[in-house]
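Dear colleague,

I am handing over the structure below, and my notes on it follow. Please read them with the model open beside you.

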Amino acid sequence: QIFSQNKWVLAYFIWLGLSVSWSDYPFVSFKRWIKDLGNVVMVLVIRSDEDPIQAVKIVLRRCTYLVVLLSVLTIKYYPEISRYYDRYSWRLHYGGVTLNKNLLGMSLFMCGAFLAWDFFELREEKPREKGRMLISLGLIGSTLWLFSLADSSTALTCTVLGAAIMYAVKKPNIRARLNQIGLYLV
């Protein structure tokens, strides 16, 4: 049932498996293919939960707490493990809990997209939880601060565009014309 509902994902992974045969580095390609299959297994574990949307939120929330808060902690108080100098320009870069500024930017993109999703849903709840709202705003502020340090313009732009799309889709007049907009974008 899973394979029949996800034919394009299955075709993509079969293509990746076949591409190992003509790769210049087949062993490296094979290892990456196996690692990507592990990602599919993780998705299936989350998908098998009784409430998969809530399971995704829990995983993303925990990852966001870890990445953002530990990156702030390491950059501020443990600079020897979170900062590095570019070998060519000797410019200072911040990596946080990742290996370099680009990985930090990608991680912050995922965290920022989740925080936007969570914030928009918190605003819609009628008995608003002020504690969760304050935590969410604090994490958004920390994420923006980390974006400024990471100097990752692509990740910041993708986060802003993703948040704008999530906000726009919440509007009834855009939601009513979603199929037309999607067809226009294609």
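Asp-151 counts as partly exposed, at 37% relative accessibility (buried means under 20% relative accessible area, exposed over 50%, partly exposed in between, with a 1.4 Å probe and protein chains only). This is a predicted model, in which local features need pLDDT of at least 70 and side-chain atom pairs count only at pLDDT 80 or more, while totals for chains, interfaces and linings use all residues. Residues are numbered from 1 along each chain as its sequence is written, and side-chain values use heavy atoms, with hydrogens and water left out.

Asp-151 forms a salt bridge with Arg-91, their closest N and O atoms being 2.9 Å apart (a salt bridge is a side-chain nitrogen of Lys or Arg within 4 Å of a carboxyl oxygen of Asp or Glu). Arg-91 is likewise partly exposed, at 44% relative accessibility. By this rule there are 6 salt bridges. Another joins the side chains of Glu-124 and Lys-170, at 3.8 Å from N to O; because Glu-124 lies in helix α6 and Lys-170 in helix α8, this pair ties together parts that are 46 residues apart in sequence (helices are DSSP runs of H or I, at least four residues, numbered from the N terminus).

Best regards

Definitions and conventions:
Helix = DSSP H or I, 4+ residues; strand = E, 2+ residues; numbered from the N terminus.
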